[in-house]
Amino acid sequence: MSELPFGPPVRVSPLIRFGRWSFLTAGILYGAFHQNRLSKKETKIREIEAKEKVIRDEKMKKEKAIASAAEMKNLEEMINKKN
């Protein structure tokens, strides 16, 4: 094996290794808990948005029909003025 440029590896204290693994485990558990909590919150938000989407789509459909009718009326008036 070749010589390492920064010297031989240093032996790490068991207390430091235990602390590192403990914090790693705690971080993973915290992340899993936090992800679970946020997922539940996001699910509720998506359900609310799905209900609102139906209402919003219906409203947009009505507005689009009104705008289409107004545009057709304007086009008819423009055609009648030219004749």
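Reply:

UniProt, in an unreviewed entry, lists residues 15–33 as "transmembrane region"; its positions follow the numbering used here, feature names are shortened, and annotations may be inferred rather than shown by experiment. This is a predicted model, in which local features need pLDDT of at least 70 and side-chain atom pairs count only at pLDDT 80 or more, while totals for chains, interfaces and linings use all residues. Residues are numbered from 1 along each chain as its sequence is written, and side-chain values use heavy atoms, with hydrogens and water left out.

Over residues 15–33 the chain is 100% helix and 0% strand, with the end C-alpha atoms 27 Å apart; helices (H or I, at least four residues) and strands (E, at least two) are DSSP runs, numbered from the N terminus. Leu24 belongs to helix 1, residues 14–82, and is partly exposed at 44% relative accessibility, where buried means under 20% relative accessible area, exposed over 50%, and partly exposed in between (1.4 Å probe, protein chains only).

Three salt bridges are counted, each a side-chain nitrogen of Lys or Arg within 4 Å of a carboxyl oxygen of Asp or Glu. Arg46 pairs with Glu42 at 3.4 Å between the closest N and O atoms, and both lie in helix 1, four residues apart, about one turn of the helix; Arg46 is exposed at 56%, whereas Glu42 is partly exposed at 36%. Lys53 and Asp57 meet at 2.7 Å, N to O, and Lys62 bridges to Glu58 at 3.7 Å between the closest N and O atoms.
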